[in-house]
Amino acid sequence: DHPMLGELLRDQGRYWFAVNEFEKSLASHLEGIAIVDPDQTEVARGIDLLNVAMARNRLHQYEESIAGLREAIAIFKKEKDPKWVSKCHGELAEIYFALEMPDELEEWARKALDYAELTGNGRWEYWLNYYIGVARKLKGEIDSAEEFLAKAKFQVVQYGDQDWNALVKIEKEIAGIDVIRGKVSQAEEILRRVATIEETLLAS
């Protein structure tokens, strides 16, 4: 009956999510949400929906995640909160990336990128440019895909504290484009360099 129990369960859910314990994260968030809080704001209710949707996304419960995100977007739009709307857009992009649905992937990544560019969120920009590059590649728009992937790579390098996992993913997509263009030896050289980095990233 402690008045902070709901918030403590939400905190626990966030910590479980941070260590990739997504089932426990989902359970904690759902338990916290079940505790009625008459003082909860609409934005807080939207954040609950987003947190649950994020856990469900990681558990590959895509339909439930999409439904929750759309509900959260409606709340955040009503509250005129672009930051949280953008987070939902980005999460939808991640779902459609996993589902390899290029039209939907580009739609939501583009919406999230609009916010990232407006606010100067460089770390978020390179992931979204990467997603759009992958979407264009899936649609066979190779020149455009190459442009977005090159931009994403430049942004990763320029960011400073380099995101090596992102850089590896981007380089592999670029290598894939080289294969499509018939530049197999060039693609193999990219993958050779990437393998050197992966040896370190995957080291036990």
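Reader: Which residues are linked with Asp103 in a network of salt bridges?

Author: A salt bridge here is a side-chain nitrogen of Lys or Arg within 4 Å of a carboxyl oxygen of Asp or Glu. The model is predicted, so local features need pLDDT of at least 70 and side-chain atom pairs count only at pLDDT 80 or more, while totals for chains, interfaces and linings use all residues. Residues are numbered from 1 along each chain as its sequence is written, and side-chain values use heavy atoms, with hydrogens and water left out. The network links Asp103 with Glu106, Arg136, Lys139 and Glu141.

Reader: How far apart are the closest N and O atoms of Glu198 and Lys172?

Author: Glu198 counts as partly exposed because its relative accessibility is 21%, where partly exposed lies between buried (under 20% relative accessible area) and exposed (over 50%), with a 1.4 Å probe and protein chains only. Lys172 is also partly exposed, at 38%. Glu198 and Lys172 form a salt bridge, and their closest N and O atoms are apart by 2.8 Å.

Reader: Which helices are included in what covers the buried residues of H4?

Author: Helices are DSSP runs (H or I, at least four residues), numbered from the N terminus. H4 spans residues 62-78, and its buried residues include Tyr62, Ile66, Leu69 and Phe76. The cover over the buried residues of H4 includes helices H3 (42-58), H5 (82-98) and H6 (102-119).

Technical notes:
Helix = DSSP H or I, 4+ residues; strand = E, 2+ residues; numbered from the N terminus. Expected span 1.5 Å × (residues − 1). Contact = heavy atoms within 4.5 Å.
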